[in-house]
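I opened a structure today and kept notes as I went. The entries follow in the order I looked things up.

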Amino acid sequence: MLKKKLSEKFVLAPGIYDALTGLIAAQAGAEAVYLSGASIAYTRLGRPDIGLVPVSEVHETLAAITDRIDIPVIVDADTGFGNALNVQQTVRQFERIGASAIQLEDQSFPKRCGHLAGKTLVSESEMVGKIKASLDARKNKGTLIIARTDARAVEGLDAALERAAAYRDAGADMLFIEAPQSLDEMKKITATFGDELPLLANMVEGGKTPISSAKELEDIGYNLAIFPGGAVRAIAHHLNAYYSGLLRDGNNNSFLEKMYDFEGLNEVIGTKDLLIQGKKYE
């Protein structure tokens with residue numbers, strides 16, 4: 001259970017976007033993973049994170065992941081996909097298919113990536129209502145509700161801290177103050193809330209927040225770090241090199257040392273074991 005893990009140690013949750021990335025992250029030793037809404041937009045739509053992904057896409061993706069891996073999955077539920085009643089439906093659906101934590105944010109629609117400019121916010125009172133609605137909707141108190149505020153980019157750090165305090169008072173299990181712009185701002189966040197409830201740090205390569213290691217984040221008072229889009233950026237870079245080489249050379253010979261062969265990938269995804277399991281029912 002994620003709640004128990006967070007009470008014992010710092011947790012680093014790599015970003016994933018489908019069952020394969022979740023499986024490989026788990027095999028690499030991840031103790032939790034983060035299903036990134038931005039990464040779903042990038043990979044399923046080939047589009048930026050500007051509110052184009054519907055709840056059905058996230059639900060379908062989450063269901064495939066939780067069917068394949070057993071470690072906790074933190075899911076990015078954006079704004080909850082509507083008002084407080086929509087939030088409740090989203091929480092019920094995501095919890096039912098195995099989400100360990102559900103992240104909600106205070107952006108208005110259409111929302112956008114926390115490290116893009118031009119964000120707008122719902123009122124503080126509307127977000128407080130959404131948090132309370134989510135807590136009423138969940139069946140298990142072990143399912144964490146993460147309250148994210150994007151106010152730093154819109155209204156400044158002090159306003160973000162005020163909103164975070166309101167979300168804490170509404171009962172959120174964890175706070176996520178998005179896009180602090182310096183180490184000093186990050187330390188102010190942890191000094192303000194670190195003794196009260198867990199805090200999440202978002203590491204986006206090339207984003208607004210200075211990139212820190214898990215150890216550095218733990219040292220200044222964070223409890224959970226997500227690297228939500230790193231896998232997509234790595235894969236996109238890798239695919240560019242792969243496709244360019246294939247189209248240039250007419251084969252994959254120059255890339256063989258950087259890819260699994262047929263048997264290698266079958267080993268990763270457990271083909272042999274699944275075929276053996278199937279024989280039991282013949």
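**Notes on rings, sheet and pockets**

I started with Y243, which is partly exposed with a relative accessible area of 47%. On this scale, buried means under 20% relative accessible area, exposed means over 50%, and partly exposed is in between (1.4 Å probe, protein chains only). Y242 counts as buried, at 19% relative accessibility.

I noted the ground rules next. The model is predicted, so local features need pLDDT of at least 70 and side-chain atom pairs count only at pLDDT 80 or more, while totals for chains, interfaces and linings use all residues. Residues are numbered from 1 along each chain as its sequence is written, and side-chain values use heavy atoms, with hydrogens and water left out.

**Entry: rings**

How many aromatic pairs does a search of the whole structure find? I got two. The rings of Y242 and Y243 have centres 5.1 Å apart and planes at 65°, so this pair is edge-to-face. Rings of Phe, Tyr and Trp (its six-membered ring) pair if their centres lie within 6.5 Å; planes under 30 degrees apart are stacked, over 60 edge-to-face, and the rest tilted.

The rings of Y242 and F255 have centres 5.6 Å apart and planes at 70°, so they are edge-to-face too. Y242 lies in helix α11 and F255 in the loop between α11 and α12 (262–269), so the pair ties together parts that are 13 residues apart in sequence. Helices (H or I, at least four residues) and strands (E, at least two) are DSSP runs, numbered from the N terminus. Both Y242 and F255 are buried. Ring pairs link Y242, Y243 and F255 into a cluster.

**Entry: sheet**

I traced the strands next. Eight of them form an open sheet with parallel pairing, in the order β6-β5-β4-β3-β2-β1-β8-β7. Two strands pair if DSSP finds at least two bridges between them.

Which strands stand at the edges? They are β6 (174–177) and β7 (200–202); each has a single partner strand, so one side of each is left without a neighbour in the sheet.

I then followed some pairings. β2 (residues 33–35) and β3 (residues 73–76) run parallel over three bridges, and V33 has V73 in β3 as its bridge partner. β1 and β8 pair in the parallel sense over four bridges. There, V11 stands opposite L224 in β8. β7 and β8 also run parallel, joined by three bridges, and N202 stands opposite I226 in β8.

Is β8 (residues 224–227) covered on one face or both? Both faces are covered: L224 and I226 on one side, and A225 and F227 on the other, are all buried.

**Entry: pockets**

I checked the open spaces last. A pocket is an open set of points on a 1 Å grid over the protein atoms alone, with protein on both sides within 12 Å along at least five of seven lines; lining residues have an atom within 4 Å of a point.

The largest pocket has a volume of about 760 Å³, where volume is the space filled by probe spheres set on the points, and grid points are joined across faces, edges and corners. It is lined by 21 residues, and the closest to its centre are L20, I24, I235, H238 and Y260. α11 (230–249) is one of the elements that supply at least two lining residues. α11 gives the most, with five.

Conventions. 1 Å grid on protein atoms, 1.4 Å probe; cavity = no way out; pocket = protein on both sides within 12 Å on 5 of 7 lines; lining within 4 Å.
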